[in-house]
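What follows is a brief report on one protein chain.

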Amino acid sequence: MVPKFRKHSMHVLRSCGVARGCDAREAEQRVPAPRVDANMRAPCRIAYAACLLLLAGIISNSPVDASSAVIKGVRIPCSNEGEPVRLQDTRLEQDWSSCFRCICKNGFVDCRSGAEECGQMDDCAVVMPREGCCTKCKGCWYNGTEHASHTEWNDDGKVFRCEAGVITISRPECYAPCDRPKQQRHTHNNCPVCDECVINGQRVWEGRDVRIPEEPCLSCRCLHGSLSCVKRACPVLPCARSQQHMPLGECCPRCLHPNSDKLLPNPGNVPWKPCIIGKEFHAHLRPFRVDPCTDCTCMNGTAVCSRHTCPVLTCAKALPPAPGKCCPECPQIEEAKTACVIGGKIYQDGDTWQLDACKSCECHSGEPRCAMERCPTLTCPPDQTLRQMPGQCCPKCVDMDGICTVFGDPHYKTFDGKFYSFQGSCKYQLASDCVNGTFSIRISNDARNTSHSSWTRTATLRIGPTKINMGKKMRIKVNGRRVTLPHKINGVAEIVKSNGSVLLKSEIGVQLLWDGDGFLEVTVSSAYKGKLCGLCGNFNSVARDDMRTRDGKHLNDTWKFGSSWRVGGTRACTRRQKQRMNVPLRQSKIVKARRLCRGFVRYESFMECTTKVNPHHYQEACELDARSCSGTRCHCAAYRAYARECTRFGAEPKNWTHTAWCEGAAPPWLSRNRKNRGPKTKGTNLMDLGNIPMFTNKKVRPPPPILHL
């Protein structure tokens, strides 16, 4: 395996995978602390140790730092969904936990760079040689103190900023966008403040910044109900002007490409280091000028530059600096206007108008002056997502909605991502608000004339006095009366058909997707986090404690756990309840099940998804259904559930149904040596239950559910 590295915004460490022939449970046990377990089988121990040593060699010999690279390889699966995963092993030269922060996400170990330990590398102009797990940006020395790149400090009213070996010293320019500003210390650079947090008609929220298009380097901030504005000079960059670019919406230019720190010849072994700005070499203590606003001196490898900050201009269009001058100027105004004409509308002097949630404008002497709220850069935790809220300018991190899935012979994926199988054939509490009692969801499982299997037959949502029942063939009843779709219950829910399934959207943040034949997806708002109970778990971002019984006990036995949530008594059961026993199966059936279900990792349709969602549990469910079923489509429930999950993560598989033998004729090897137990069904549409042969004195496995995305 040849390592490859590339820069990426989301840094993922893909470490050692499961060696061929190793049990999946052993791999999952390894994940929380990647060390070789003495209880592993010998082949598994050897393969895993070899993989770890290879990983150690890749990392220790790589010139690329962990904070800006992806180590490509085989992704290791994990079972502690939503929890941290440590990266520690005695064979590695160092503890890599400072380089990466890893959690178990969607069944894979997912790691982000530990940038807080390595330091910021974004937009670094000069890269230093690697130390440990990090390469660092070139810092600055000033008055005997080393300062990291991208850092600032204040001294005597001046702002000092280090940018890759260059220190820029400037004095901020204050600006007060009001008639009677107040002098107030300990504010935004000790600048005068305005009583109201409004500029050019734009409201500035507490702690937020607002920028003005004509003065992109002017920042106005609302602190403690008062508005203060300050303009700051851009830092001097070590790259040539031809190698600089202006990012969209930014105030200051940045270097296009990082350069390695140059080691220049030092004649006479002089201890003082020179400075390089662009393509120019500057000796120690030699002064030089970068532009008419900036004078610099090289101080032992650090360029110390004093840059003048130009005053804030109140005109819409400024003239460029005159020859020999530093700052732009406003043009001479011959006649002041009293109104602004924008899009055919006339705004008098002082009028304001709102363009959108982020931008407002005000008419100043016939010229529109606008202000835009500046949104902070956010990185959300793994259990949150960035979401744009209605009517708000900036997105914010919010908890993800919880999704619980039921499919096949029932297999469950809880809100927190725990997988388990439970073949109870009674009525059960799937999910309920156990804190405020706002809703409850119950499912009825049907044995369908089998001795050990079951399928979900109906799902019922109760909100207050309203009871919505979703049954076979997508029949819907509201308070016992059948309704046609679409159907709306004022103030409660709306029920529609969507892509061959029934979609129920309630007003309280609970959504159900039902295909009418065994597949159920429950989505709940993040407002229910930590308030739920039932077969779908408690929705607290920790998967390992999802199997809590009605009386709060934590169990590892899925049968006892599932049975504890049974409701409705024995009358709701379709067969006598007893725990499923492992029945020896013919080797030919096991081989066929594996062949049917290997497409999760082999079919090209799923290749993109396998890097985002671990198919391991779906493949296990597929093989379980295929082994215990007498039909030829039982494996399709797991494929369709996985396809649904892939679609949710933006990797919708295409044209997989024929390849996986879920449409069209079954493969000859699947029906080979099968006993002819009655008339053959016509066609391949298994949704038509009238085509299913039923026999007396024989318990025949029903066909699998056909799910719809």
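In this predicted model, helix α8 covers residues 616-627, 12 residues in total. The distance from its first C-alpha to its last is 17 Å, close to the 16 Å expected at 1.5 Å a residue. Seen from the inside, its buried residues are Y618, Q619, A621, C622, E623, D625 and A626. An α-helix has 3.6 residues a turn, so residues three or four places apart point the same way. The cover over the buried residues of α8 includes strands β32 (402-407), β33 (411-413) and β34 (419-421). Helices α5 (587-597), α6 (599-602) and α9 (636-648) are also part of that cover.

Helix α9 has 13 residues. At 1.5 Å a residue they should span 18 Å, and the end C-alpha atoms are 18 Å apart, which agrees. How much of α9 is buried? The count is 10 of the 13 residues, so α9 is largely enclosed by the rest of the structure. The buried set consists of C636, A637, A638, Y639, R640, A641, Y642, A643, E645 and C646. These residues pack against β32, β33, α5, α6, α7 (607-610) and α8. Just after α9 comes G650, with a positive phi of about 75°.

Next, the open sheet. It has 6 strands in the order β7-β8-β9-β24-β23-β22, and its pairing is mixed. The edges are β7 (152-155) and β22 (287-291). Each has a single partner strand, so one side of each is left without a neighbour in the sheet. From one strand to the next, the twist averages 25°. Within this sheet, β23 (residues 294-299) and β24 (residues 302-307) run antiparallel and are joined by 6 bridges. One of the bridge pairs sets C298 against A303 in β24.

Strand β35 spans residues 427-433 and is mostly covered, with 6 of its 7 residues buried. Which strands pair with β35? They include β36, β47 and β46. The table lists these pairings.

| Partner of β35 | Partner residues | Sense | Bridges |
|---|---|---|---|
| β36 | 440-446 | antiparallel | 5 bridges |
| β47 | 566-567 | antiparallel | 2 bridges |
| β46 | 532-533 | antiparallel | 2 bridges |

Individual residue pairs place these contacts along the chain. A431 stands opposite I441 in β36. K427 has V567 in β47 as its bridge partner. S432 faces C533 in β46 as its opposite residue. β35 and β36 also form a hairpin, with 6 residues between them. In that turn, G437 has a positive phi of about 65°. In a regular strand the side chains alternate between the two faces of the sheet.

Finally, the chain as a whole. The protein chain holds 10 helices and 47 strands. Of its 709 residues, 44% are buried. Its accessible surface comes to about 37,600 Å², and carbon and sulfur atoms account for 50% of that. Among contacts between residues at least 6 apart in sequence, 53% join residues at least 24 apart.

Notes
Residues numbered from 1 in each chain as written. Predicted model: local features only at pLDDT ≥ 70, side-chain atom pairs only at ≥ 80, totals over all residues. Heavy atoms only, no water. Helix = DSSP H or I, 4+ residues; strand = E, 2+ residues; numbered from the N terminus. Buried < 20%, exposed > 50% of the residue type's maximum accessible area, 1.4 Å probe, protein only. Contact = heavy atoms within 4.5 Å. Areas by Shrake-Rupley, 256 points an atom, 1.4 Å probe, with all protein chains shown as cover. Expected span 1.5 Å × (residues − 1). Pairing = 2+ DSSP bridges. Axes fitted to C-alpha atoms, helices over the stretch in contact; angles between N-to-C directions.
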